[in-house]
Amino acid sequence: AVVSTQSTGEPPSDTSDHSRASDDIPPSPLQMLMERAREAQLDQTAENDNSWVRTTLLRIAELEAALERSNFELQALRKQNREMEQTLEIVDEENAKIRREMDRTNSQLATFTTWVQSRQLL
């Protein structure tokens with residue numbers, strides 16, 4: 001029997017299990033080496049993918065923790081804002097009371113000044 005070769009000088013590669021099983025020809029050392037290299041490459045790709053997934057999950061966890069801290073800080077700032085608004089309302093009320101008291105005092109002072117001036121004319 002004549003075995004044909006490809007133009008590269010290598011025997012034709014047959015990787016199908018059906019042909020190998022039916023021909024009972026064991027894979028060549030080159031085919032076995034290529035298969036191991038392909039499996040190693042797939043393993044490396046899977047390992048890289050797993051590493052990327054782990055890194056991504058860790059980053060997501062970090063971002064979630066940062067978001068939780070930010071939300072906590074936001075709630076604290078909102079509480080401070082509400083307290084400051086309440087304080088401002090109290091200050092505004094006190095200022096209004098002081099203004100009313102100043103108006104009353106000014107009115108009394110004007111009345112007193114008028115009385116004094118009227119007494120001086122006598």
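## A walk along helix α2

Start by selecting E35 and R38, whose side chains meet in a salt bridge at 3.0 Å, N to O (a salt bridge is a side-chain nitrogen of Lys or Arg within 4 Å of a carboxyl oxygen of Asp or Glu). Side chains of opposite charge can pair when their charged atoms come close.

You are looking at a predicted model, where local features need pLDDT of at least 70, side-chain atom pairs count only at pLDDT 80 or more, and totals for chains, interfaces and linings use all residues. Residues are numbered from 1 along each chain as its sequence is written, and side-chain values use heavy atoms, leaving out hydrogens and water.

Stay with this pair: E35 and R38 are about one helical turn apart because three residues separate them in helix α2 (helices are DSSP runs of H or I, at least four residues, numbered from the N terminus). E35 is partly exposed, with a relative accessible area of 33% (partly exposed lies between buried, under 20%, and exposed, over 50%, with a 1.4 Å probe and protein chains only). R38 is partly exposed too, at 46%.

Next, select V53, which sits in helix α2, residues 29-120. V53 has 37% relative accessibility, so it counts as partly exposed.

Now move to E94 and K97, another salt bridge, with the closest N and O atoms 3.4 Å apart. Both residues lie in helix α2, about one turn from each other.

Finish at E101 and R104, a salt bridge whose closest N and O atoms are 2.6 Å apart. E101 has 41% relative accessible area, and R104 has 46%.

How values were computed
Helices (H or I, at least four residues) and strands (E, at least two) are DSSP runs, numbered from the N terminus.
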